[in-house]
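Let's take a look at how some side chains are arranged in a protein. Have the sequence and the 3D view open as you read.

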Amino acid sequence: MRLKELLEAGEVDEAGGDMDQAVTGLSYDSRRVKKGHIFFAVPGERLDGHEFAAQALEQGAAAVVMERRVSLPQSATWIRVRNVRRTMGMWSALFFASPSRRMVLVGITGTNGKTTVSYLLESIFSAAGMAPGVIGTINYRYQGRILAAPHTTPESVDLQALLAEMVEADVQSVAMEVSSHALEMERVRGIEFDAALFTNLTRDHLDFHMDMERYFSAKSRLFTDYLGASAKQNKFAVIHGGDPRGRELLDKVRELGFEVMSYGRGREWDVHPLEFEGDLDGLRGKIRVKDQVVDFSSRLIGPPNLENILGAVGVGFALGLSKSAISEGIARLESVPGRLEKIQSKLGISVLVDYAHTPDALERVIGAMRPFARGQLIVLFGCGGDRDRGKRSLMGEIAGRLSDLVVLTSDNPRTEEPLAILEEIEDGVRKTHMRKFQISNLRSQISDLQSEILNLKFYLVERDRRTAIRLALRLARSGDLVLIAGKGHEDYQILGAKRIHFDDREVAREELERLSS
């Protein structure tokens, strides 16, 4: 491909140099530039790609794409555009021959539920014979290949390259989580979406978006911008009408001219449950989709997962898939890593690991699990460092109000002092008047604790997450339910600048084994 062919995609304000050069690749990291690459000088919060433009040329870059003129060798080829990220997305699509046009591609956005919906769609697509791929928080995968996921949604160059690999591997459908960061940062520019699904909107990422209106605006762009720009013929949107922001989005999207399907628990929505029941073994029931009814049985747990199933069913019907494929796909999915994932126990207690790391997610999951606790509901969680501090007290209040026993511990403290984070969470717990129990010697006091918590609600603070998990499990008695929240599928913990291996599921299994031996 010649550079002048990419310029035909537009977005260029001015340019200089040899536009007839062959382009061998695209890069936004000067360290990865090879001979013949185009280097995109992406502005960032900490580093600005413009500062590395000359270095990229020295390493063999054919041209530099930038937003402002910088000092370059006189012989350099350069292109100035208004938005480097937007141009990078459009040119990446063109360079990789628009792979999204050759597959069914569903984008999923919202605060909670994206990962679970992607797993449900993957299973439904597989049951329908549409070889699936998934791009999301846990990993990127297709045709038996699993890749690490440094971002929920990759940068546009990497995303288009990945989709091109999927096309080469005969992938026919892709379920892709689309983060608010990706929407704001133009990572999905140039993607031809068949459908967009909205799960819900609750407080998260305000360290980046600053306020809820800007956060909602970012999420809405999947529908009002990217889906609208898609060249696909039969585009549609599936939106959770039971969510307040979903209702607001429905009003926006219905004016855009493509099919819209709403879902929710109420009968006013296009997709809703006619009847259902649930326990720790899963969910079962019937779902109405406009004038049709589909039976479902799922091993996923709790009302939030009912909503995720409704959304996936809406996509399946909008794509014209058979009811049998949709039902079979839902039934096939055994679990989603770190999303109300059950940890087997021989002690008569129920142990669940969940990714809930926002106030709404924590409240929803505690409320959903309350009916399944025959004894006490014990909740363990923390909050990440260097992130939205405003949610810490909120989450403490929620846990204190809805749980019988709360164990506060470190999540990913990053560069913050762990005890300072815990103190901010405690501010919320104290508002519920839950009593704090001081742990100085766990071995000597555990029997006293077990007798006291028969009648009183307590919270405990233990900064070391393994010790905290051990404590929560040792306090549990037969019939109790222990919810380990916040990290879910993550297999690491970030302490300062150090990243260590830590998986709540592994640790819970190890500690349960110690207790039962």
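Here is a short tour of some aromatic rings and a few arginines, based on a predicted model.

## Rings that pair up

You'll find three aromatic pairs in this structure. In one of them, the ring centres of Phe95 and Phe96 are 5.0 Å apart and the planes meet at 85°; planes over 60 degrees apart count as edge-to-face, so that's what this pair is. Phe96 itself is partly exposed, with a relative accessible area of 22%.

Now find Phe437 and Phe458, another edge-to-face pair, with 5.3 Å from centre to centre and 70° between the planes. This pair links distant parts of the chain, since its members sit 21 residues apart. Phe437 belongs to the loop between β21 (435-436) and α15 (442-452), while Phe458 is in strand β22 (residues 458-461). Are these two buried or exposed? Phe437 has a relative accessible area of 9%, so it counts as buried, and Phe458 is buried too, at 0%.

## Arginines over rings

Some arginines sit over aromatic faces. Arg141 lies over the face of Tyr119, 4.0 Å from the ring centre. For Arg499, the ring is that of Tyr492, and the distance to its centre is 3.6 Å.

## A buried arginine

Next, go to the loop between α6 (180-184) and β11 (195-198), where you'll spot Arg187. Its relative accessibility is 7%, so Arg187 counts as buried.

What does the side chain of Arg187 reach? It gets to the backbone oxygen of Thr153, at 3.1 Å. Leaving aside neighbours within four places in sequence, Arg187 also has contacts that include His151, Pro154, Glu155 and Leu159.

Note on methods:
Residues numbered from 1 in each chain as written. Predicted model: local features only at pLDDT ≥ 70, side-chain atom pairs only at ≥ 80, totals over all residues. Heavy atoms only, no water. Phe/Tyr/Trp six-rings, centres within 6.5 Å; stacked < 30°, edge-to-face > 60°. Buried < 20%, exposed > 50% of the residue type's maximum accessible area, 1.4 Å probe, protein only. Helix = DSSP H or I, 4+ residues; strand = E, 2+ residues; numbered from the N terminus. Lys NZ or Arg CZ within 6 Å of the ring centre and 35° of its normal. Polar contact = N/O pair within 3.5 Å; in protein donor to acceptor, adjacent residues only side chain to side chain. Contact = heavy atoms within 4.5 Å.
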